[in-house]
Amino acid sequence: MARRRLEAAIRAGRAIDTEQRKNTGTFTKVKELVTIELGEASMGTYSLQFSHDGEVLAVGTGNGGIQLFNSRTGALSRALHRGDKAGLPVMCLSFHPGLRDVIVSAGSDGIITLWNVTTATRVETVIERGNEINALDFSLLGGTYATAGKDQCVRLYHANSNKLLRVFQSSNSLLPAKEEVMEFGHGQRIFALKFHPDDDHIFVTGGWDNCLKVWDTRTEQGVQRTISGPHICGSGLDVKDGKILTASWVQHDALQIWDFSSGQLDRTLDLDADKKAGDFLYCAQFCDNNVVLAGGSGTSDVQAINSASFEILGTIDLAGKPIQALDSTDGGKLFAVGGASDILRLASLR
């Protein structure tokens, strides 16, 4: 969540421009902007992230490749790693909040890599042996980052030294519906992790075991509480303004908003999906003006939905292919969509 803090600072600076100040109001539609060709060798898109200023889009692909694109034109700026047939998917990307020109990647090979985006070179690598990393996020102030994945543990690292600070253990079994085990970690793979946007020590995780875990890094056990329900299979988790957004890989009622304080379900957002195909979401994000973005393999598109009016504002698809990754910048005025396709699209909320 350090990223949202930095984005907000950049946007506040840009608001000095008079025209920028006038550009406020309610999003009412979705506009497709640019289509980027990745090629069949990419084996699809598994992760996307805009730089803090929104000028660069980083793309992680199924063959282990990482490419940087101009987010306005879609032109390729440089390849940090081209990938190959034996490569494994890059599951998460995050621009470092404290180190200029550095982006952090992690994926199914269990390797965390720091890259210099200017020189296109590796700065450092950290190996989580025997693990497949599915999620990575920086804390609010950017002093730490956490990872999670196949082995069900959550690891906390120092952001500058990359030293491992804590390992929060899993429950090592499927969680039964018993209150006394709710303080333990996940019982199956973790696919999503998000730090709280207003608290440097709190983060939320979700995975295959049909629940969310709220963690506090200041406590010995780590888990603060459990919210039962969401079945997370991708980056289908976001936290903003006291709410948690979840995108579950389930047939119906996949897109939900939860109250952070109470853990109670706030609302379920209906998607425009074929009843037989179902929702089956992989990813979702909060944007400005009560809008959320969500996509997956059931809908086979990303839908922009007003969470207050429940109106679907528009969709972006990849020619019928499943959506596996999305990211937005500037509150949703620019977003990217990728998935099981050799193309990705840039679009905007207007």
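**Close-up views of a predicted model**

**View 1. Strands β23 and β24 form an antiparallel pair joined over five bridges.** Strands are DSSP runs of type E with at least two residues, numbered from the N terminus, and two strands pair if DSSP finds at least two bridges between them. Val291 has Asn306 in β24 as its bridge partner. The model is predicted: local features need pLDDT of at least 70, side-chain atom pairs count only at pLDDT 80 or more, and totals for chains, interfaces and linings use all residues. Residues are numbered from 1 along each chain as its sequence is written, and side-chain values use heavy atoms, with hydrogens and water left out.

**View 2. Four strands make an open sheet in the order β22-β23-β24-β25, with antiparallel pairing.** β22 (281–286) and β25 are the edge strands, each pairing on one side only.

**View 3. The largest nonpolar core contains 18 residues.** Such a core is a set of buried Ala, Val, Leu, Ile, Met, Phe, Trp, Tyr and Cys residues joined through side-chain atoms within 4.5 Å; buried means under 20% relative accessible area, with a 1.4 Å probe and protein chains only. Among the residues with the most contacts inside this core are Val291, Val302, Ala304 and Phe335. The strand β28 (343–349) gives the most to this core, with three residues.

**View 4. Ala304 touches several residues, including Val30, Val291, Ile312 and Leu349.** Contact means heavy atoms within 4.5 Å, and residues up to four places away in sequence are not counted.

**View 5. Thr113 lies in strand β8, residues 111–116.** Thr113 is buried, with a relative accessible area of 7%. Residues touched by Thr113 include Ile103, Ser105, Arg122 and Glu124.

Key:
Buried < 20%, exposed > 50% of the residue type's maximum accessible area, 1.4 Å probe, protein only.
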